[in-house]
Amino acid sequence: MGQEAAHAGGRIAHEGVEQGRHVASEARQQAYNLVGKTSAQARSQAQQQQKRAADSLRALGTELRSMAEGDGQRGPGALVVRRGADAVDQAASWLDARQPGDLVREAREYASRHPAAFLAGATIAGLLAGRLTRALTGGQGGGTEQQSREAPPSPEDVAGVRPLHAPPSPTAGAPVRHGPSGTEVGP
C-alpha cells in the first residue's frame with residue numbers, strides 16, 4: 001500500500017510538472033502575442049500621428065504661400081514668407097517619406113553626432129510646446145492665474161477715477177510722498 005501511494009504521488013507530481021510546463025508555455029505564447037499586438041497598435045498610432053503632423057505642415061505651408069501671394073507684395077517680407085512656406089513643405093515631404101522607426105533612429109544618430117545642438121533644439125521645442133499649451137488652455141480656463149486672483153474692477157476703476165490708497169508711514173511725523181499709483185515712494 002505504501003508503495004502504491006508513493007507511485008501515485010510520483011505520478012501526480014509528474015503530471016503537475018507537465019501541466020506547469022504547459023501553463024508556462026501558453027503564458028509565454030500569450031505574452032508574445034500581446035507584445036506583438038501592442039507593438040502593432042503603437043506603430044499604427046505613430047504612423048497616424050506622423051501623417052497628421054505632415055498634413056498640418058502642408059496646410060501651414062499652403063496658408064503661408066497664400067498669405068505671401070494674396071497681398072500682391074514682392075518685398076523682402078513676402079520673400080521670407082514664401083521661403084518659410086517652401087521649408088514647411090519640404091519638412092512635410094521629409095516626414096511623409098519616413099516610418100516612425102526611421103525618425104527615432106535618425107534622431108538618435110543626430111543626437112550622438114551633435115549633442116549640444118540636439119539638447120538646444122529639444123529645449124526650444126519644449127519651451128514652445130509649453131507656451132503653446134499655456135496659450136491654448138489660457139482662454140478656456142477662465143483667464144490666467146493672475147486674473148483669477150484679482151478682484152473685479154470697481155465702478156471707480158471703470159470710470160477712470162481711482163481713489164488714492166496711501167499706506168501708513170513707518171515713521172510717525174515724517175512727511176510721506178506718494179507716487180501716481182498711490183504707493184509710498186519715500187519720506
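Colleague: Why is R52 called partly exposed?
Modeller: R52 has a relative accessible area of 48%. Buried means under 20%, exposed over 50%, and partly exposed lies in between, with a 1.4 Å probe and protein chains only. So R52 is partly exposed. R52 is found in helix α1. Its C-alpha atom is separated by 9.8 Å from that of D96, 44 residues apart along the chain.

Colleague: What is the basis here?
Modeller: This is a predicted model, where local features need pLDDT of at least 70, side-chain atom pairs count only at pLDDT 80 or more, and totals for chains, interfaces and linings use all residues. Residues are numbered from 1 along each chain as its sequence is written, and side-chain values use heavy atoms, with hydrogens and water left out.

Colleague: What makes Q50 count as buried?
Modeller: The relative accessibility of Q50 is 10%, so Q50 counts as buried. The place of Q50 is in helix α1. The buried residues of α1 are Q50, A54, G61 and A68.

Colleague: Which residues is Q50 in contact with, leaving aside its neighbours within four places in sequence?
Modeller: Q50 is in contact with L95, R98, Q99, P100 and L103. Contact means heavy atoms within 4.5 Å. The buried residues of α1 pack against α2 (76–96) and α3 (100–113).

Colleague: How do you know that the span of helix α1 agrees with its 69 residues?
Modeller: Helices are DSSP runs of H or I with at least four residues, strands are runs of E with at least two, and both are numbered from the N terminus. The expected span of a helix is 1.5 Å times one less than its number of residues. For residues 2–70 that should be 102 Å; the end C-alpha atoms are 100 Å apart, which agrees.

Colleague: Why are α3 and α4 called oblique to each other?
Modeller: α3 and helix α4 (residues 115–138) pack at an angle of about 120°, with their axes 5 Å apart. Axes are lines fitted to C-alpha atoms, for helices over the stretch in contact, and angles run from 0 to 180 degrees between N-to-C directions. Under 35 degrees is roughly parallel, over 145 roughly antiparallel, 65 to 115 roughly perpendicular, and the rest oblique. Therefore α3 and α4 are oblique.

Colleague: Which residues meet there?
Modeller: A107, Y110, A111, S112 and R113 in α3 meet P115, A117 and F118 in α4.

Colleague: How many helices and strands does the chain have?
Modeller: The chain has six helices and two strands. Along the sequence the pattern is α-α-α-α-α-α-β-β. Buried residues make up 8% of the 187 residues.
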